[in-house]
Amino acid sequence: MNSFWQETYNSFRNTYGFLFAAIALIVSLSPVFLPAGLISQVDARWLIGSVLIFVMFISIFIDMSYRALLEIKKNIEIPRIIVARENDGQRLLLLSPSNLFGIDSIVSIYHNDGDFELLCGIGRVNTIQSKGNIQVLIVKELGDKNIWKNIFGRESKSFKESIIVRPNIPYSYLLPEADHAQ
């Protein structure tokens, strides 16, 4: 994403702002060159010029908003597992790039069994590589241990596609004693 002024200029170009500005300038300055007897008609020309400038600014605003929305939608992807590896007793997942994750944030790991997404672990973003790939350290394994065997197995590419890593954690993990208070 560019700076605000670069985005404004790009939107100005995309919405033919030069054309709007030129027409508004011509309409607005035309009263200067008219004979003195036509002064009563000049007010409408100033109004037309002002409306053209207003429409130009509104079209720039709409274009900037639309392009910002497209940029946001493009960057909100749930990452997929690229590699799962055990290293010195620690289990690590390497995920595809996503703007949803930050360094040292806690993530939840789910297994999609077709009908439901089952919580199977909690992790922590260890680092985000220069290419944008995300390294997640598994902090706590939950549920069926076979899920983890399949994730870290060598021939489990299709199984890894059923794993979803989300940038949030369940309330019950954050405050375990709160679940029993109800």
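Q: How many aromatic pairs does this predicted model hold?
A: The count comes to 0. Ring centres must lie within 6.5 Å to pair. By that rule there are 0 aromatic pairs in this model.

Q: What makes Arg 166 a charge over the ring of Tyr 110?
A: Arg 166 lies over the face of Tyr 110, at 6.0 Å from the ring centre. The rule asks for CZ of Arg within 6 Å of the centre and within 35 degrees of the ring normal. Arg 166 is listed as lying over the face of Tyr 110.

Q: Which strands do these two residues involve in their bridges?
A: Tyr 110 has Leu 119 in β4 as its bridge partner. Arg 166 is in β6, where it is the bridge partner of Ser 108.

Q: Why is Asp 88 called exposed?
A: Its relative accessibility is 76%. Exposed means over 50%. Therefore Asp 88 counts as exposed. Asp 88 sits in the loop between β1 (81-87) and β2 (90-95).

Q: Why is Asn 133 called buried?
A: Asn 133 has 12% relative accessibility. The cut-off for buried is under 20%. Asn 133 therefore counts as buried.

Q: Where does Asn 133 lie, and which residues does it touch?
A: Asn 133 is placed in the loop between β4 (117-128) and β5 (134-141). Leaving aside residues up to four places away in sequence, it touches Ile 82, Leu 94, Leu 95, Ser 96, Pro 97, Thr 127 and Ile 128.

Q: How do you know that β3 and β4 pair?
A: 7 bridges join β3 to β4. Pairing needs at least two bridges. So the two strands pair, and they run antiparallel. One of the bridges links Val 107 to Gly 123 in β4.

Q: How many residues lie between the strands of the β3 and β4 hairpin?
A: There are 4 residues between the strands. In this hairpin Gly 114 takes a positive phi near 110°.

Q: What makes β3 and β6 a pair?
A: They share 4 bridges in the antiparallel sense. At least two are needed. So β3 and β6 meet the rule.

Q: In what order do the strands form the open sheet?
A: The 6 strands follow the order β1-β2-β5-β4-β3-β6, with antiparallel pairing.

Q: Which strands are the edge strands, and what makes them so?
A: The edge strands are β1 and β6 (163-166). Each pairs on one side only. On average, neighbouring strands of the sheet are turned by 35° against each other, direction ignored.

Q: What makes β3 mostly covered?
A: Of its 7 residues, 5 are buried. Each of those falls under 20% relative accessible area.

Q: Which residues have the most contacts inside the largest nonpolar core?
A: They are Leu 93, Ile 109 and Ile 151, in a core of 19 residues. Elements giving two or more residues to this core are β1, β2, β3, β4, β5, α4 (145-151) and β6. In soluble globular proteins, nonpolar side chains tend to be buried together.

Q: How many helices and strands does the protein chain have?
A: The chain has 7 helices and 6 strands. Buried residues make up 32% of its 182 residues.

Methods:
Residues numbered from 1 in each chain as written. Predicted model: local features only at pLDDT ≥ 70, side-chain atom pairs only at ≥ 80, totals over all residues. Heavy atoms only, no water. Phe/Tyr/Trp six-rings, centres within 6.5 Å; stacked < 30°, edge-to-face > 60°. Buried < 20%, exposed > 50% of the residue type's maximum accessible area, 1.4 Å probe, protein only. Contact = heavy atoms within 4.5 Å. Axes fitted to C-alpha atoms, helices over the stretch in contact; angles between N-to-C directions. Core = buried A, V, L, I, M, F, W, Y, C linked by side-chain atoms within 4.5 Å.
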